[in-house]
Amino acid sequence: MVKIAPSILSADYTELIRQVQLAEKGGADLFHIDVMDGHFVPNITVGPVIVHAMRRCTKRPLDVHLMIEHPERMIKPFADAGADIITVHVEAAHDVRKTIRLIEDEGKSPGVVINPPTSFEKAVPFLSDIDLLLIMTVNPGSAGQKFMPEVLPKIKEAKGYISRENAGVELEVDGGINMQTASKVTSAGADILVAGSAIFGGNIAQRVRNLRKVAEGQGI
């Protein structure tokens, strides 16, 4: 079954607890938290304090996506705040393998992220050490961007490799996921769909349900 991971980047932070609860009611499997530092990407978003707040209002796994230049410096603060999954970019300035070990040492699930221009081959050396591979279908840095269909072949390539090698890695896709694009990425092999703008706003619980149905090829 496809997993749905609402991205709180698009949530109304004045009603964050209520909106998280509504997403849970709709069947959200986990929550995606985008952390931006103003260096690796131009925008600045949240820190461990928001992860800590999220941890107190949901028992669902917290998937923390570090879009920061030196992620190794922030593994422990986010782990202590309650992150369950921590993903780091192969493009950032750090020793990826050492950072993965830091995440494991904190008892958390490690993952790596690749941006649209980055080839799947850049992630291959780390697949035996991670639990999750996140493929971006927009250039990271802001919500509401348009889905990049040219990334679909990379998703297919990654899924094929993971299946052939029996790697045991979940494949997550983030960027422009909505009612028009969800089935495209699941058909390409995605296991987890990150969606922000498509969920938050309107009837949140129903939007989670509808997105799952579309992703699984059902009518709504």
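## A tour of salt bridges and cores

Start at helix 3 (residues 75-81) and select K76 and D80: these two are 4 residues apart in the helix, which means that about one helical turn separates them. The model is a predicted one. Now colour by accessibility. K76 counts as partly exposed at 46% relative accessibility, while D80, at 52%, counts as exposed. The cut-off for exposed is over 50%.

Side chains of opposite charge can pair when their charged atoms come close. A search of the whole structure finds 7 salt bridges, and two others are worth a stop.

**Next, select E170 and K3.** Their side chains meet in a salt bridge, at 3.0 Å from N to O. E170 belongs to strand 7 (residues 170-174) and K3 to strand 1 (residues 3-6), so this pair ties together parts that lie 167 residues apart in sequence. How accessible is E170? Its relative accessible area is 28%, and E170 is partly exposed. K3 is also partly exposed, with a relative accessible area of 30%.

**Then select D29 and R212.** Here too a salt bridge is present, and the closest N and O atoms are 3.0 Å apart. D29 sits in the loop between helix 1 (16-25) and strand 2 (31-36), whereas R212 is in helix 7 (residues 204-215). The pair links distant parts of the chain, 183 residues apart. Is R212 buried or exposed? R212 is buried, its relative accessible area being 11%; the cut-off for buried is under 20%.

In soluble globular proteins, nonpolar side chains tend to be buried together. The largest nonpolar core in this model has 64 residues. Which residues have the most contacts inside it? Select M54 and L133. Helix 7, already visited for R212, gives the most to this core, with 5 residues.

**Keep M54 selected and display what surrounds it.** Leaving aside neighbours within four places in sequence, M54 is in contact with I8, L16, V20, F31, I33 and L62.

**Last stop: select A5, L30, V113 and V138.** These residues are among the members of a second, separate core, which has 10 residues.

Definitions and conventions
Residues are numbered from 1 along each chain as its sequence is written. This is a predicted model: local features need pLDDT of at least 70, side-chain atom pairs count only at pLDDT 80 or more; totals for chains, interfaces and linings use all residues. Side-chain values use heavy atoms; hydrogens and water are left out. A salt bridge is a side-chain nitrogen of Lys or Arg within 4 Å of a carboxyl oxygen of Asp or Glu. Buried means under 20% relative accessible area, exposed over 50%, partly exposed in between (1.4 Å probe, protein chains only). A nonpolar core is a set of buried Ala, Val, Leu, Ile, Met, Phe, Trp, Tyr and Cys residues joined through side-chain atoms within 4.5 Å. Contact means heavy atoms within 4.5 Å.
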